Amino acid sequence: MEFVFRRSYRGGLKAAILDWAGTTVDYGSFAPTAAFIRVFASHGVTIELAHARAPMGLMKKDHLRAIARLPEVAARWQAAHGRPCTEGDVNAMFAEFVPLQIEVLADYAGLIPGTLEAVRDFRAQGIKIGSTTGYTREMMNVLVPEARRKGYEPDAWVAANDLPAGRPYPWMVYRNLIELGIFPAEACVKIGDTLVDIEEGLNAGLWTIGVALSGNELGLTQAEAEALSPDTRATRRQEITARMQQAGAHFVVDGIWQAGAAVSAIQARLAQGERP
Ligand SMILES: [Mg+2]
């Protein structure tokens, strides 16, 4: 047979899977950074903010391990301890990290502007709201009620340690789709602030939207971000957009407040029979 038929989905978007810190809450994704710096310091190793931010988006224990493996940090660890950082050290640091992170989470639960409007707009289009994160369930048990008090409550949330692996594996997305009762994957979009968010979405077969200015990539508070000169802002936006596009993002916007236009563009592409 020379030709076969290929099925193509022509329906609309059914779910948006939103990241938490840097996407819907905690402008600049600050909550984890101080805790990582404190935990390494308590083990005699000074790390910089850039080290703490580099692996952002991963499950927090994977994140700790990834910081320890950064060449600069590994060299400092070797100098301080006379040996490399072991899995035992990672376990000990993670045990210290969890209470530190939980202690500050509520202070960083402020909603990113546009979150409630975007959720309302998506729901009006029949799009359900799911969510994934690098936080563990213990941490989410603090963050989720805090966000609810501020008016944000996704229809589903899954924590990074609910499944055998966090990002970039697609398992958290799949669990959301199961809980929301939604398929196919091309009827869903992942929105997040880190490269590993994009990777997670692509691994699950979703459309992806990166948020460039509200998250870890820019790493500034809302006030700091708004105080940037137009030139600096444009340059940083361009650099971050290039990194996200290189990671495979279908769209890159400044923040969730701009996600509506990208969602409309995806709806139009789906209607044409396009896939992510
Ligand atoms: Mg994030």
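Both D19 and D193 are buried (under 20% relative accessible area, with exposed meaning over 50% and partly exposed in between, for a 1.4 Å probe and protein chains only). The model is predicted: local features need pLDDT of at least 70, side-chain atom pairs count only at pLDDT 80 or more, and totals for chains, interfaces and linings use all residues. Residues are numbered from 1 along each chain as its sequence is written, and side-chain values use heavy atoms, with hydrogens and water left out.

- D19 belongs to strand β1 (residues 15-19), whereas D193 sits in the loop between β3 (188-192) and α9 (195-203), so the pair links distant parts of the chain, 174 residues apart; helices (H or I, at least four residues) and strands (E, at least two) are DSSP runs numbered from the N terminus.

- T133 occupies the loop between β2 (128-132) and α7 (137-149).
- With a relative accessible area of 2%, T133 is buried.
- The T133 side chain reaches the backbone nitrogen of Y135 at 2.9 Å.
- Beyond its neighbours within four places in sequence, T133 is in contact (heavy atoms within 4.5 Å) with residues including D19, W20, R167 and M172.

**Domain arrangement**

- The domain assignment gives domain 1 (15-30 + 111-271) and domain 2 (31-107); such bounds come from an automatic or database assignment.
- The centres of domain 1 and domain 2, taken over C-alpha atoms, are separated by 24 Å.
- In the interface, 19 residues of domain 1 are in contact with 17 residues of domain 2.
- Domain 1 and domain 2 bury about 1,600 Å² between them, 62% of it on carbon and sulfur atoms; buried area is the accessible area (1.4 Å probe) that two parts lose on being put together, summed over both.
- F30, Y135 and M139 supply 32% of the area that domain 1 buries against domain 2, more than any other three residues.
- Between the domains there are zero salt bridges (a side-chain nitrogen of Lys or Arg within 4 Å of a carboxyl oxygen of Asp or Glu).
- Eight residue pairs are in polar contact between domain 1 and domain 2, both at pLDDT 80 or more; a polar contact is a pair of N or O atoms within 3.5 Å, where within protein one must be able to donate a hydrogen and the other to accept it, and residues adjacent in sequence count only if both atoms are side-chain atoms.

**Salt bridges**

- The whole structure holds 20 salt bridges.
- R65 and E87 form one at 2.8 Å, N to O; R65 lies in helix α3 (residues 60-69) and E87 in helix α5 (residues 87-105), 22 residues apart.
- R65 counts as buried at 19% relative accessibility, whereas E87 is partly exposed at 39%.
- K190 and D197 meet in a salt bridge at 2.6 Å, N to O; K190 is buried with a relative accessible area of 1%, and D197 counts as buried at 0%.
- A network of salt bridges links D19, R167, K190, D197 and E200.
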